Number of protein chains: 2
Amino acid sequence: SSGDSTSGTQSSSIFDPLDTFQRRHVGPSPAETEKMLEYLKYDSLDTFVRDVVPANILSARDLKVSPTNGLSETELLERIGKIAAENKSARSYIGCGYTGTKTPTVIARNILECPEWYTSYTPYQPEISQGRLESLVNFQTVVTDLTGLAIANASVLDEATAAGEAMTMSLASLPMARQKRANKTYFVDSNVHPQTIAGLESRAEGFGINLKIGNALDIASVKALGDDLIGVLVQYPSTDGSIHNYTQLSEAVHELGGTVSCATDLLALTMLKPPGEFGADIAFGNAQRFGVPMGYGGPHAAFFATADKMKRKMPGRLIGVSKDRLGDPAYRLALQTREQHIRREKATSNICTAQALLANMSAMYAVYHGPAGLKAIAERVHSLAMILAEGARRMGFEVNAGTNAEGGFFDTVAIKVQDAKDVCAKITEWYGINLRVLDAQRVSITMDETVSMQDLEDILAALSAFAVQIPGRLKWKEMLVEIAEDLEITSTTPAAIPEGFKRTSAYLQHPVFNKYHSETEMLRYIHHLQSKDLSLANSMIPLGSCTMKLNATTEMLPITWPEFSSLHPFVPLDQAKGYKILIDELEADLADVTGFDAVSLQPNSGAQGEFTGLRVIRAYFKAKGEDKRDICLIPTSAHGTNPASASMCGMRVVGIKCDPKTGDLDMADLKLKAEKYKDELAAIMITYPSTYGVFEPQVKEACEVVHKFGGQVYMDGANMNAQIGLCSPGEIGADVCHLNLHKTFCIPHGGGGPGVGPIGVKSHLADFLPGHPVVPTGGKHAIAPVSAAPWGSASILPISWSYIKMMGARGLTHATKITLLNANYMAARLSEHYPILYTNAAGRCAHEFILDTRGLKETSGVEAIDIAKRLQDYGFHAPTMSWPVPNTLMIEPTESENKQELDRFCDALISIRKEIKEIEDGKMEKENNVLKNAPHTIKDLLRGGWNRSYSQEKAAYPLPYLRERKFWPTVTRVNDTYGDTNLFCACVPVENLE
Amino acid sequence: SSGDSTSGTQSSSIFDPLDTFQRRHVGPSPAETEKMLEYLKYDSLDTFVRDVVPANILSARDLKVSPTNGLSETELLERIGKIAAENKSARSYIGCGYTGTKTPTVIARNILECPEWYTSYTPYQPEISQGRLESLVNFQTVVTDLTGLAIANASVLDEATAAGEAMTMSLASLPMARQKRANKTYFVDSNVHPQTIAGLESRAEGFGINLKIGNALDIASVKALGDDLIGVLVQYPSTDGSIHNYTQLSEAVHELGGTVSCATDLLALTMLKPPGEFGADIAFGNAQRFGVPMGYGGPHAAFFATADKMKRKMPGRLIGVSKDRLGDPAYRLALQTREQHIRREKATSNICTAQALLANMSAMYAVYHGPAGLKAIAERVHSLAMILAEGARRMGFEVNAGTNAEGGFFDTVAIKVQDAKDVCAKITEWYGINLRVLDAQRVSITMDETVSMQDLEDILAALSAFAVQIPGRLKWKEMLVEIAEDLEITSTTPAAIPEGFKRTSAYLQHPVFNKYHSETEMLRYIHHLQSKDLSLANSMIPLGSCTMKLNATTEMLPITWPEFSSLHPFVPLDQAKGYKILIDELEADLADVTGFDAVSLQPNSGAQGEFTGLRVIRAYFKAKGEDKRDICLIPTSAHGTNPASASMCGMRVVGIKCDPKTGDLDMADLKLKAEKYKDELAAIMITYPSTYGVFEPQVKEACEVVHKFGGQVYMDGANMNAQIGLCSPGEIGADVCHLNLHKTFCIPHGGGGPGVGPIGVKSHLADFLPGHPVVPTGGKHAIAPVSAAPWGSASILPISWSYIKMMGARGLTHATKITLLNANYMAARLSEHYPILYTNAAGRCAHEFILDTRGLKETSGVEAIDIAKRLQDYGFHAPTMSWPVPNTLMIEPTESENKQELDRFCDALISIRKEIKEIEDGKMEKENNVLKNAPHTIKDLLRGGWNRSYSQEKAAYPLPYLRERKFWPTVTRVNDTYGDTNLFCACVPVENLE
Ligand SMILES: Cc1ncc(COP(=O)(O)O)c(C=O)c1O
Ligand SMILES: Cc1ncc(COP(=O)(O)O)c(C=O)c1O
Ligand SMILES: O=C([O-])O
């Protein structure tokens with residue numbers, strides 16, 4: 001029936017629950033759907049779909065995702081509650097880059113659990129993003145202050161990929177001749193976390209870098225590399241806990257023209273001399289212990305800082321301070337041109353989505369505790385470690401054997417035992433405590449903020465089972481008190497760091513870190529920043545290629561349950577059975593949806609998915625003895641991450657033209673290039689529907705062509721929202737594809753991350769899916785890991801799992817139809833006012849479309865950016881601007897917006913078109929008009945002496961709905977050029993703010 | 001040490017956790033505290049305190065609250081987690097006014113768990129409260145639409161007190177002669193919920209009303225009352241589930257000049273003919289099943305509606321629609337004058353704090369589901385009940401025996417058994433299912449939104465253990481399906497209500513109930529309303545007598561845990577062991593803090609606490625044979641609820657003068673009156689510190705005087721925040737006192753409720769603490785209950801419990817000192833600009849003080865209200881206005897505000913004083929100035945044609961901090977008179993909004 005078709009649900013039994021999810025997720029009601037179909041002159045959704053999706057790719061099969069109609073919200077929470085209960089919450093002192101932390105509840109509730117924070121996008125529109133931009137600048141300031149380096153970015157994906165960024169940045173800092181040396185070598189201290197070293201392997205290969213793992217303190221062995229040396233990576237404190245002096249090493253490396261990178265720990269740096277003060281050029285690490293739960297491996301924000309001289313080579317997003325039109329300070333993404341084009345095929349980094357939400361949490365953690373509070377936490381952690389070490393000694397254990405650490409240790413105590421594996425296994429079994437197997441004969445124990453006296457007693461009790469000598473009595477509490485007394489450790493005289501390693505420089509002196517220490521003030525600060533930002537809680541965010549759909553509350557609830565959030569990523573697998581169930585089901589459902597045979601959830605972003613997929617392809621060819629296949633065909637319309645990823649995999653990128661009329665792949669060019677490079681052809685990367693927002697009719701043929709010439713087909717799944725249930729990459733002919741769970745599968749964008757970019761592959765590639773050095777995962781011939789944690793950002797996987805389970809096969813498919821309908825409805829309404837750039841033969845777009853605003857420049861002087869900024873005055877976030885086609889706007893509504901909201905947005909654009917007409921007609925000045933002056937802030941409108949050719953009211957309330965619901969930008973148009981030439985990326989000095 | 005004194009903490013061991021709470025709760029840091037002391041010229045907090053608190057009441061004892069230094073936030077959550085685990089989550093089908101419901105997660109997260117919603121105050125300042133005012137109007141519209149009555153208020157405390165309100169309103173609607181009849185009688189149908197009947201008893205006494213409990217369908221017995229009849233109360237559907245026709249009853253009652261009240265159920269009314277259509281004059285009930293968890297009894301919003309002719313007699317807060325200065329529609333508290341003075345000694349109701357937050361949740365539940373969604377839920381519930389009834393019949397049970405219900409039943413099935421108590425106990429024991437013992441031979445089972453097919457199967461299985469005949473097979477699922485088929489019940493043809501009882505009228509046709517059905521739209525609507533309101537997330541709310549302190553996240557977390565929120569209030573006590581632990585500890589700690597021997601947590605608000613305390617005093621005298629003691633002495637400065645409560649207890653109120661100079665009690669007058677009424681003296685009610693904000697030095701003497709003449713001392717503990725740890729009502733000499741947990745003990749004010757108003761008593765009164773008809777509680781000679789649930793609003797008690805446990809004895813005492821310091825610091829700063837009305841001999845106020853703005857009227861025409869409204873332009877909520885002294889402002893900062901915020905507020909008031917000076921100096925016009933035109937909205941400032949004597953900038957940004965942090969009112973000054981004369985209390989028709 002047509003009711004069925006417009007609502008996507010089947011008639012139900014009286015016993016079925018009524019809190020079904022699909023109707024809450026999908027914006028348009030059946031009645032609205034009917035109206036939109038009518039507007040487009042279709043009698044049913046299915047006839048409409050047949051005009052949009054090419055017949056030869058329309059899938060005949062139904063999705064298997066069960067239950068078909070989805071679980072109700074209550075059922076979902078019951079089901080995932082049972083799964084969560086399968087995870088065991090043992091106490092973990094494993095360390096290795098992940099430790100327990102206390103998320104201040106005011107931060108958890110008002111950021112992590114607050115849709116205003118978690119549903120916003122990367123702050124591409126700074127005027128309506130000053131809140132999170134300020135918070136990210138706080139993050140950058142925390143990082144620069146604590147590392148002692150000049151500049152830091154707004155987070156990278158994790159510590160392992162940060163190491164990769166450091167390595168390739170070190171490479172890029174060499175003179176070109178040295179970059180090209182055949183034996184160029186990156187020296188990695190063996191005392192770096194194992195998952196970081198493994199991650200470096202995956203990065204090194206594509207750049208032709210040799211990795212040398214060795215003892216960096218043996219400076220001679222570093223020097224021996226001579227001009228082959230790219231740089232050195234050390235960990236500080238080291239993975240075994242020891243603290244060393246790297247000053248001489250740094251001098252030696254610098255003499256050789258290399259770069260010194262230092263993986264480090266922000267908490268330790270509150271007490272330790274910072275890397276910037278002993279010569280490190282780059283410092284990075286995991287900010288997790290600043291208030292972000294371990295979450296079985298992620299997401300967390302990795303930080304990344306560098307010396308001033310290298311700042312323009314820094315990967316990732318950098319928030320800078322610029323000025324707005326009125327000359328007031330305003331934050332923005334700095335060096336954006338670099339980001340937008342991501343250096344394409346010359347890229348050494350492909351990072352796009354990062355970890356903004358987690359960086360904000362960590363920044364707020366620093367704001368809440370302030371320098372004194374952070375130091376107190378560090379001192380307690382260090383003191384407990386010292387006391388624990390002494391306790392172990394008193395049981396006859398050799399502590400920190402063989403570390404030779406002049407600097408002692410900060411939080412990690414290494415203890416010599418007969419058989420480390422056996423000891424750890426037994427302590428887990430008998431005491432429910434996880435320690436780390438450091439090596440065959442060493443166990444390590446890492447202290448953190450959460451450790452209580454009871455915890456220490458339990459650890460001592462556990463160790464005593466393996467003690468050489470049992471201390472006189474077994475009252476652990478008394479023993480702890482006695483040791484503290486003997487060591488003269490009190491809360492006012494905590495354990496100290498040895499001279500020469502002690503931090504003497506101040507940090508976090510800016511008022512922002514010294515004002516908000518009561519919960520009341522903290523709440524107000526968080527709320528104040530939030531109120532400056534436009535998120536999905538305000539209005540639609542129709543960013544093309546970004547799929548800003550509902551991030552439902554029920555999907556979000558489980559991620560803060562301790563059963564999911566408290567697990568260390570390296571716990572024994574039998575403590576993570578709940579995760580296993582969830583991961584297996586999610587992989588199976590994603591394989592079903594994509595038409596693939598196997599899935600890896602390890603990559604932490606879409607771009608990482610690309611990199612992983614291409615590396616899998618390379619590994620496949622290598623295994624087949626076809627190493628030389630290294631050409632990657634990439635349409636000119638591709639997202640910048642595509643060529644960047646290819647380049648990082650050591651592939652040569654060959655562009656494929658697109659038809660300027662239809663936007664479709666130029667098949668002739670494809671055939672030509674595929675044939676030309678037939679012996680070297682590795683892959684093609686296609687985004688489908690294309691980045692132009694159309695289902696190209698010849699996609700199957702394109703796949704066939706590439707296959708014919710021996711290549712593999714990589715599909716960029718950023719636009720998967722347009723396919724689910726109607727067609728699939730696997731059936732179309734792709735061999736591998738990544739998905740952005742943070743687009744299609746409802747993980748909120750978090751203001752610029754987290755993300756999850758799993759890849760699906762056909763069976764012939766399954767053996768190569770990425771592995772992990774600590775926790776077995778991946779294929780039989782797994783490539784090196786692409787993330788620090790075995791399943792990437794495990795703790796947010798419940799979001800996508802829940803979405804799929806609540807929608808069911810039917811709901812997922814219905815959502816796809818509505819996403820197509822919404823886009824086509826908007827395109828149709830707008831086409832009477834603006835040209836639509838690309839549509840298919842039936843005049844239809846896919847799930848998004850490009851508004852061609854290029855012609856307006858000539859008639860009115862108006863550019864896409866002016867429309868984008870004017871949309872802010874109408875309470876909207878701009879569509880994707882100038883990508884993939886310069887000076888156009890790409891609109892993607894998603895299925896979650898209802899007709900009312902689509903109409904409101906269309907009305908705004910139509911009203912803006914009329915404003916442009918006024919300029920064209922000479923009724924408004926060409927330079928001084930509502931568009932060029934957009935966005936208008938309250939302050940701007942109230943400045944007094946108003947003498948523009950339009951009224952303040954027209955500026956503020958161009959349409960009636962704005963009188964009731966208006967979102968105000970807090971700064972006027974931000975000056976990009978000023979910001980990039982006067983790069984400043986830390987908290988604004990107070991005098992400049994007043 | 002002085003560090004100790006300014007921080008309130010003791011030096012700690014290195015093993016102690018660092019996430020201590022007290023420093024997060026108390027605003028001023030030790031350094032700020034030093035500065036404020038310096039400003040006031042004290043060398044320590046303790047010398048300062050000695051200047052504030054009279055020496056003869058300063059307590060020598062330390063509080064016992066343990067641990068002395070408080071639990072850390074983590075420890076607290078661990079501890080309460082263990083307590084929560086002691087509650088058992090059995091499934092309850094007990095009904096009786098409480099049922100399972102599904103709180104839409106988008107509402108839970110964005111209202112119940114959202115500080116912007118839960119920390120706001122009662123919307124006394126409508127210009128900065130339009131969000132929750134709109135939501136409360138939605139609530140009122142839900143109630144009027146569903147009950148079919150003309151007007152509804154914005155919630156009352158619970159169903160039992162609503163019944164009391166209905167009864168006293170019925171009384172007040174009679175001609176005076178009939179009101180005074182000795183045998184005036186209220187007829188209550190015996191088929192009303194038992195806790196409602198019991199609650200009526202507690203209300204009836206003070207008004208001299210006889211209660212007749214009988215069969216209201218036996219119209220002759222009603223008629224027999226003749227002129228003694230006040231009115232009749234029926235329940236619809238009745239407590240046993242049956243549905244009756246009350247049309248003839250209504251006619252009969254109206255003929256006798258009485259009022260018909262109907263306790264009812266909003267969900268049932270989506271299917272049933274509404275009370276307004278069969279002649280009811282008043283309808284009320286519990287809105288809990290509209291999305292508010294049962295929470296072991298509360299808080300929930302009770303609703304209350306009445307016919308147009310009675311609207312000005314309606315108790316509670318009523319939101320009306322008026323116009324603002326620009327003529328735009330604006331919501332506000334209607335008939336406020338009535339509320340502010342609460343009719344004082346003539347009051348028939350004392351309701352003040354109500355259930356705003358819960359009313360908002362229920363309103364949003366209706367908005368989210370819309371009329372069709374609500375009806376679908378009702379139809380499913382009803383269908384399941386019909387199926388269950390048939391299942392029971394097929395097992396040979398007699399169903400709905402003796403109910404004689406022509407209307408059948410809606411959700412509750414009454415089943416005849418041999419021994420109802422035994423059957424229920426065994427079903428609980430064997431199946432973990434709670435049913436209701438309706439009477440000796442009937443068990444009832446109430447269906448609700450949460451019931452699944454599995455639940456029904458389990459109920460059938462449980463019943464089968466007691467079945468007369470076992471059906472052929474035991475596959476309950478098949479049986480259910482078969483019954484549904486036999487009864488022809490499907491989701492599209494649900495079970496119907498019998499003709500004549502069916503609802504035919506439409507409801508919830510307003511767009512607000514028909515637009516926000518996707519989660520995205522719902523989120524945006526909630527967010528939009530929230531953004532209009534000023535809460536503690538924005539700035540301090542220095543409302544005198546309201547104690548708007550931090551409502552900490554950690555305190556709030558447990559209340560949404562299912563272990564606390566899912567319990568039915570009438571479950572067997574062994575399922576609520578966690579609650580028992582928590583309640584016992586909280587009672588003990590409150591007794592310690594107040595210096596009393598016993599505590600009752602039953603009253604749901606401060607005013608209810610007063611009523612309860614006075615009733616306890618009356619019961620005490622009655623037991624002593626001193627019935628005739630009925631005089632209550634009340635200082636003229638008392639809060640309006642004091643005389644209202646006394647009057648409701650049947651007491652005669654005699655005013656005691658206050659010294660116009662000092663604000664202190666006029667001791668001579670007190671002695672005179674106490675002596676004069678010595679034989680009839682029941683009590684004095686004193687607020688301490690007084691409502692004038694001073695610790696009166698003679699309070700002990702006052703208590704002695706009253707005791708000497710045989711009276712009891714009732715202390716209004718609204719100002720308890722000034723006493724804790726320094727002095728206590730018990731030690732001062734009070735016999736009973738109420739506390740507002742929603743002031744002093746951190747339960748958030750929720751925009752006008754919930755509240756908890758426990759009373760503490762000396763041992764001689766303990767026997768009279770209120771009891772409960774279903775769940776044993778209270779004293780040996782318990783007075784009738786004052787709330788529907790045995791422990792009132794049990795589910796929010798974890799908030800106060802957590803606060804006390806985290807602060808510890810030391811933190812609580814320190815907070816008191818800081819609350820006094822903050823007030824005195826502000827008073828001192830402001831005293832250079834405004835007279836401070838009352839201070840003690842040392843020139844000190846208590847925790848609040850009155851700014852005397854009366855003189856300004858003459859010099860400038862400015863009144864307190866103008867300053868209050870101008871404060872909105874400065875981003876602040878006004879202090880308490882014109883109470884207790886007309887045309888003044890009473891400021892209470894609380895300990896949670898830091899010096900920075902206090903200074904900002906002082907700066908604003910000082911700047912306003914300068915603006916007033918400009919008027920005084922003739923620099924600004926007397927009528928058209930920044931104060932008289934305040935508050936200024938953006939729309940007002942942008943209207944164009946600006947021609948006022950001050951600039952738009954001056955209106956908007958009078959101080960520099962406002963450029964960064966400005967809160968904008970959304971309407972200009974609201975016209976109170978227009979609203980009261982054109983009373984309109986439902987959603988604004990759309991045409992009026994455009
Ligand atoms: C087409 C396309 N490919 C790849 C990406 C990169 O994904 P991510 O930002 O998760 O790295 C994007 C991001 O927007 C995209 O639009
Ligand atoms: C002095 C005083 N007494 C009693 C009350 C009544 O308390 P509630 O609003 O909880 O009924 C208040 C409320 O503000 C008050 O200030
Ligand atoms: O985030 C994007 O680059 O689209």
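Modeller: Before we start, a residue counts as near a molecule if one of its heavy atoms lies within 4 Å of it. Also, this is a predicted model.

Biologist: Fine. With that cut-off, how many residues surround ligand 2, and which are the closest?

Modeller: There are 14 around ligand 2. The closest are Thr353(B), Ser545(B), Gly606(B), Asp716(B) and His742(B).

Biologist: What does the side chain of Ser545(B) do there?

Modeller: An N or O atom in the side chain of Ser545(B) sits 2.6 Å from an oxygen atom of ligand 2.

Biologist: And which backbone atoms come in?

Modeller: Gly606(B) has a polar backbone atom 2.7 Å from an oxygen atom of ligand 2. Ala607(B) brings a backbone N or O atom to 2.8 Å from an oxygen atom of the ligand. As for cover, ligand 2 taken alone exposes 390 Å², and the protein buries 98% of that.

Biologist: Which helix gives the most to that shell?

Modeller: Helix α24 of chain B, residues 606–623, with 3 residues.

Biologist: How does the shell around ligand 2 divide into nonpolar, polar and charged?

Modeller: You get 3 nonpolar, 8 polar and 3 charged residues.

Biologist: Over to chain A. Which residues come nearest to ligand 1?

Modeller: Out of 14 residues around ligand 1, the nearest are Thr353(A), Ser545(A), Asp716(A), His742(A) and Lys743(A).

Biologist: Lys743(A), ok. How is its side chain placed relative to ligand 1?

Modeller: A polar side-chain atom of Lys743(A) lies 2.5 Å from an oxygen atom of ligand 1. Asn740(A) also has a side-chain N or O atom placed 3.1 Å from a ligand 1 oxygen.

Biologist: Where does the largest share of the ligand 1 shell come from?

Modeller: From helix α24 of chain A, residues 606–623, which supplies 3 residues. By class, the shell around ligand 1 has 3 nonpolar, 8 polar and 3 charged residues.

Biologist: What else pairs with β20(B)?

Modeller: Strand β21 of chain B, residues 759–761, which runs antiparallel to β20(B) and is joined to it by 3 bridges. In β21(B), Ile759(B) is the bridge partner of His738(B).

Biologist: Are the faces of β20(B) buried or exposed?

Modeller: Both faces of β20(B), residues 736–739, are covered. Val736(B) and His738(B) point to one side, Cys737(B) and Leu739(B) to the other, and all are buried.

Biologist: And β7(B), how many of its residues are buried?

Modeller: 5 of its 5, across residues 282–286. Ile282(B), Phe284(B) and Asn286(B) point one way, with Ala283(B) and Gly285(B) pointing the other way.

Biologist: Which strands does β7(B) pair with?

Modeller: Strand β6 of chain B, residues 259–264, pairs with β7(B) in the parallel sense over 3 bridges. Cys262(B) has Ala283(B) as its bridge partner there. Strand β8 of chain B, residues 302–306, pairs with β7(B) in the antiparallel sense over 5 bridges, and Gly285(B) stands opposite Phe303(B) in β8(B).

Biologist: New topic: in what order do β22, β23 and β24 of chain A form their open sheet?

Modeller: The order is β22-β24-β23, with antiparallel pairing. β22 (849–851) and β23 (880–881) of chain A stand at the edges with a single partner strand each, so one side of each has no neighbour in the sheet. β22(A) is joined by 3 bridges to β24(A), residues 889–891, and one pair of bridge partners is Ile850(A) and Met890(A).

Biologist: Last one: why is helix α33(B) called largely enclosed?

Modeller: Because 16 of its 22 residues are buried, the rest of the structure largely encloses α33(B). "Buried" here means under 20% relative accessible area.

Biologist: How far apart are the end C-alpha atoms of that helix?

Modeller: They are 31 Å apart, which agrees with the 32 Å that the 22 residues of α33(B), 899–920, should span at 1.5 Å a residue. Just after α33(B), Gly922(B) takes a positive phi of about 75°.

Notes:
Residues numbered from 1 in each chain as written. Chains lettered and ligands numbered in written order. Predicted model: local features only at pLDDT ≥ 70, side-chain atom pairs only at ≥ 80, totals over all residues. Heavy atoms only, no water. Helix = DSSP H or I, 4+ residues; strand = E, 2+ residues; numbered from the N terminus. Expected span 1.5 Å × (residues − 1). Buried < 20%, exposed > 50% of the residue type's maximum accessible area, 1.4 Å probe, protein only. Pairing = 2+ DSSP bridges. Polar contact = N/O pair within 3.5 Å; in protein donor to acceptor, adjacent residues only side chain to side chain. Areas by Shrake-Rupley, 256 points an atom, 1.4 Å probe, with all protein chains shown as cover. Nonpolar A, V, L, I, M, F, W, Y, C, P; charged D, E, K, R; others polar.
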